[in-house]
Amino acid sequence: MIDPFVILAPVLLLAVIALLRFVGCDPFGTAPDLPQPTISSLVPTSKTEGDPDFSLTVKGTGFVNPGSVVRWNGVDKATTFVSDAELTATITAGDIANAGTAQVTVFNPPDNQTSNAQTFTIVAAPTISVTFDTPPPPGIPRDPIPAPYKNLRFSSAWIWLDAAAGGGPSNSVVINNAPPGVVSGDVTFVNGPRLLKRLRVLPKSLDPATNVANITITGGTNAKVSKDFGPGDIGTVQIVDIPWTSPASIFTAQTNIGYDLLLLEIDYRGPA
């Protein structure tokens, strides 16, 4: 005669396994499935191009610790777990350097699950044009500018010239050193990193050693911009485009003709 326990043992074993799994225990040590991450909102939802680094709060469900990572256009960002419903991520100034949109998702690596995407907007900043006519810079022409002017601070290497004294079409600033010799001066954005976009300059002479006037602009992690002017450029206003991709707090202008290169206008991406 067959023992009833022998017949019932497999059934009982399956029932025990099902019960253990139902209460959250896996007798075979298999990790439970992680929840699918979802995003319900972002705080903030937008920034202006040229703004500095900021902390993005991502709210939703199914976030896990450790593991969940905020992704910006598919790129992992430094993420802090707050709860299963909230994460924060560091978004850099370089991420929002140019107007447009970015897609924000959350990735749970243990199960390779990706959330729905939320759109973050990078608002186009106005172009701020700084000239030196209205009002004129503080202080006395041919002296360093003693205080910030239109949210720009000029190092002591710079002086300002009125149109009559400078010999140009308008008031200007120059690096206070006679040619020849390479000289430089710094300009600081008082309200934080900005995208320098363009300069208007007027070369008044050439370096006698090279027969060239040069201006070189550097700032932050951006590529150096260098432009040469020849005999045909002397005495006429020249445009120097600055294709920065990342905001910077300071830009440095270097020239080989000192105060014979008039800086007439500085254009940058705001806010002012």
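Start with the inside: a search of the whole structure turns up one cavity of 30 Å³ or more. The model is predicted, so to speak of local features takes a pLDDT of at least 70, side-chain atom pairs count only at pLDDT 80 or more, and totals for chains, interfaces and linings use all residues. Residues are numbered from 1 along each chain as its sequence is written, and side-chain values use heavy atoms, with hydrogens and water left out.

**Stop 1: the cavity**

A cavity here is a set of points, on a 1 Å grid over the protein atoms alone, where a 1.4 Å probe fits but cannot get out; lining residues have an atom within 4 Å of a point. Grid points are joined across faces, edges and corners, and the volume is the space filled by probe spheres set on the points. The largest cavity has a volume of about 60 Å³.

Select Trp-158, Val-174, Ile-175, Val-201, Ile-215, Ala-253, Thr-255, Gly-258, Leu-261, Leu-262 and Leu-263. These residues line the largest cavity. What is the make-up of the lining: how many nonpolar, polar and charged? The lining holds nine nonpolar residues, two polar and no charged. Ala, Val, Leu, Ile, Met, Phe, Trp, Tyr, Cys and Pro count as nonpolar; Asp, Glu, Lys and Arg as charged; the others, Gly among them, as polar.

Now colour by strand. Strands (E, at least two residues) and helices (H or I, at least four) are DSSP runs, numbered from the N terminus. Strand S14 (172-175), S20 and strand S21 (261-269) each supply at least two residues of the lining. S21 gives the most, with three residues.

**Stop 2: the five-stranded sheet**

Show S12, S15, S20, S17 and S18. In that order, these five strands form an open sheet with antiparallel pairing. Strand S12 (152-154) and strand S18 (225-229) stand at the edges with a single partner strand each, so one side of each has no neighbour in the sheet. Neighbouring strands of this sheet are turned by 20° against each other on average, direction ignored. Axes are lines fitted to C-alpha atoms, for helices over the stretch in contact, and angles run from 0 to 180 degrees between N-to-C directions.

Zoom in on strand S17 (residues 213-218) and strand S20 (residues 250-255). Four bridges join these antiparallel strands. Strands pair if DSSP finds at least two bridges between them. Ile-215 stands opposite Thr-255 in S20. Both residues also belong to the cavity lining.

**Stop 3**

Select residues 238-241, which make up strand S19. Buried means under 20% relative accessible area, exposed over 50%, and partly exposed in between (1.4 Å probe, protein chains only). In a regular strand the side chains alternate between the two faces of the sheet.

S16 and S19 pair antiparallel over four bridges. Leu-199 has Val-240 in S19 as its bridge partner.

Step back to Val-237, in the loop between S18 and S19. Val-237 is partly exposed, at 33% relative accessibility. Val-201 is 36 residues away in sequence, yet the two C-alpha atoms are 5.6 Å apart. Leaving aside neighbours within four places in sequence, Val-237 is in contact (heavy atoms within 4.5 Å) with Pro-169, Arg-200, Val-201, Leu-202 and Leu-264.

Go on to Ser-246, in the loop between S19 and S20. Is Ser-246 buried or exposed? Ser-246 is buried, with a relative accessible area of 14%. Its contacts, not counting residues up to four places away in sequence, are Ala-97, Leu-195, Thr-221 and Asn-222.

**Stop 4: the four-stranded sheet**

Show S1, S3, S7 and S6. They form an open antiparallel sheet in that order. Strand S1 (38-43) and strand S6 (79-83) are the edge strands, each pairing on one side only. The twist averages 25° from one strand to the next. S1 pairs antiparallel with strand S3 (residues 54-61) over five bridges. Ser-41 stands opposite Lys-59 in S3.

**Stop 5: Val-106**

Select Val-106 in strand S8 (residues 100-108). Val-106 is buried, at 0% relative accessibility. Beyond four places in sequence, its contacts include Ile-39, Val-58, Phe-63, Leu-87 and Thr-114.

**Last view: the whole chain**

Zoom out. The protein chain has two helices and 21 strands. Buried residues make up 39% of its 272 residues.

How values were computed
1 Å grid on protein atoms, 1.4 Å probe; cavity = no way out; pocket = protein on both sides within 12 Å on 5 of 7 lines; lining within 4 Å.
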